[in-house]
Amino acid sequence: MEIDSATGMLMLLTAALAILAPSAWGLDRAEFPPEFLFGAATSAYQVSWLWWSSSSLLFDRWVRMHYRDCDFWFQIEGAYLEDGKGINNWDVFTHTRRKSSLHCPSLLLLSLFREEFDYYADVCFRAFGDRVKFWTTFNEPNVFAKHSYMLGTYPPKHCSAPFGTCNSGNSNREPYVAAHNIIMSHAAAVDNYKRNYQAKQGGSIGIVIEMKFYEPLTNTMEDILAAQRAMSFEIHWFLDPLFFGEYPKEMREMLSSNLPTFSPAEKRLLQNKVDFIGVNHYTAIYAKDCISSPCDLNTYEGNALVLATGERDGVRIGKPTAIVGFYDVPEGMEQIIEYINKRYENTPVYVTENGYSQHSSNGLEDLINDVGRVNYLQGYLSSISSAVRRGANVRGYFVWSLMDNFEWSYGFTVRFGLYHVDFDTQVRTQKMSAKWYQGFLMGSRPVDALQTLRAGS
C-alpha cells in the first residue's frame, strides 16, 4: 500500500509519542517562576559556525599570548541577544602552539597564567560588558584538570602511573597545581569585575563546574565515605576555596603536600564571592570504596580512591545513554541542586548543561524521533520543578545542546542536539525533542505537533 510522506510522518510521530513517559505530557512551564531562564546551549568551537541576525550573535574569538618563544591562546566564546533576554557567557580554553616541544611549558602549571588571564578578562569586560550580563570564568575546570594532567587524555597529555602512561607529567601533583592557578585566575577576574565593572555594567559573574551526584554503592561506612570523597574531588575541590578559602579536608588528608596551600594574599582575593554557580549535570552514579579493596585507579574518580559504577547487584542506576557512565537518573538533578544550595550559602544556581546522548550510528528515523531524549528532559525538568517547590535557589536551565556537534574526544560518534545535523551537507532537522521543548516553553502539549501535521497533510 502506498503512503504519502505527510501520512507517513504522522504515523511515525504518533507511534513515537505513544511511548513517551506519561509524565512527559503533564510538565508545565507554569511550574517554574516567570523569571526562570530557559535556553539551549551550544559552543562556537564545536559547531564551527557564526550565526548573525539583526538581534543575536554567536561569537568565537582567540587572544594570543607570547612567552619564552612559545605561543599560547585564550578563547572567548558566547552569545547574547541585543534585547537582553538571553543568558550570556564566556569560557576559556588554552592551546599551546610549540616552536620546540622540548622547551615550551604548560601554561596552566605556571603562576604566570594568573596574570595573563586577569589581563585577558579585563579586555573582555571592556569590550563586551555593555552587552554581556552573565559571565562565567571557566567551564568545567575540574574535568579539564583531571583529563589533561592526571589521566593524560586531553592536551597537553600529562600523566604518570598508576593513572596513565604519558611521555611526561606527574599525576600526583600537576592536576592540583593547574587547578590552583585556575582558581586564583578566577578570583583575580572576579575581583576586577566587582571593583571596576559590575556597578556600571550591571552583570553577574560565576563559574561552571561539572557535577555528578555520587551515591554509595552499599550502605557500608566505606562506600558512604567513598561517595563523600568523590564529591570532594569533583565539586568541593573548586568551590570550597571560593566560599571558604580552603581546600576540602578530605583532599588535604589524602594529598598532603601535593595539594597547594593558599597564602594570606590569595585568601584575601578569594573573599570576593561568585554571584552564581553554573551546574553541568548529566548523571548520578554509584561510588565504591577503593581503600579497603583494590581498584583500577586509571579512572576519573581514581584520585579519590573511588570506583564509579552504574550497577548495583546487577541492576543499573538508570537507563544508559550513548556516553559510557552516563545514565538517565532524573532524581539526581534535584539532589545536586539542593546539595549545592545547602553547602554554598544558598548561592543562585543555573543548570548550564544537561542533555541526552544518542549514538550517531542509530538510524535517521531513531535519531529524529528521539523519544529517549524527550523522556530524559521531562524527567530532569520535573526534578528541577520539584526542587523549586521545595525552595531551591535555582534560576535557569539550558539543554545541551541546540544541535548535534563535535563532542570532543567522542568526535561525531554521539549526538546531543535538539536539531539533527547531517555532517556532510550541514542540513539541520528539528527532532521530536525540539518540538517537545518548544511546546513545553509555549505552554502547549505534544499533541499540538500532531495537529500541525494533520493540517499540512
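**Notebook: disulfides, core and a helix pair**

I began with the cysteines and found Cys 159 and Cys 166 joined in a disulfide, with 1.9 Å between their sulfur atoms. A reminder to myself: this is a predicted model, and the values below are computed from it.

**Entry 1, the first link.** I looked up the torsion about the S-S bond of Cys 159 and Cys 166: 105 degrees, a right-handed link. Are its two ends buried or exposed? Cys 159 has a relative accessibility of 3%, so I put it down as buried, the cut-off being under 20%. Cys 166 comes out at 24%, so I noted this one as partly exposed.

**Entry 2, the other link.** How many disulfides does the structure hold? I counted 2. Cys 290 is buried, at 9% relative accessible area. I also checked Cys 124, and that residue is buried too, with a value of 2%.

Next I turned to the nonpolar residues. In soluble globular proteins, nonpolar side chains tend to be buried together. Here I found that the largest nonpolar core has 104 residues. Which residues have the most contacts inside it? My list reads Leu 239, Ile 336, Leu 381, Ile 384 and Tyr 397. Helix H7, residues 221-244, gives this core its largest share, 11 residues.

Two packed helices are described by the angle between their axes and the distance between the axes. For H7 and helix H10 (residues 331-343) I noted an angle of about 35 degrees and axes 11 Å apart. The crossing of H7 over H10 is right-handed. Which residues make the contact? From H7 I wrote down Met 231, Ile 235, His 236, Leu 239, Asp 240 and Phe 244. H10 brings Ile 336, Tyr 339, Ile 340 and Arg 343. Sorted by class, the contact has 7 nonpolar, 1 polar and 2 charged residues.

Methods
Residues are numbered from 1 along each chain as its sequence is written. This is a predicted model: local features need pLDDT of at least 70, side-chain atom pairs count only at pLDDT 80 or more; totals for chains, interfaces and linings use all residues. Side-chain values use heavy atoms; hydrogens and water are left out. A disulfide is a pair of cysteine sulfur atoms within 2.5 Å. Buried means under 20% relative accessible area, exposed over 50%, partly exposed in between (1.4 Å probe, protein chains only). A nonpolar core is a set of buried Ala, Val, Leu, Ile, Met, Phe, Trp, Tyr and Cys residues joined through side-chain atoms within 4.5 Å. Helices (H or I, at least four residues) and strands (E, at least two) are DSSP runs, numbered from the N terminus. Axes are lines fitted to C-alpha atoms, for helices over the stretch in contact, and angles run from 0 to 180 degrees between N-to-C directions. A crossing is left-handed if the near helix is turned anticlockwise from the far one by less than a right angle, and right-handed if clockwise. Contact means heavy atoms within 4.5 Å. Ala, Val, Leu, Ile, Met, Phe, Trp, Tyr, Cys and Pro count as nonpolar, Asp, Glu, Lys and Arg as charged, and the others, Gly among them, as polar.
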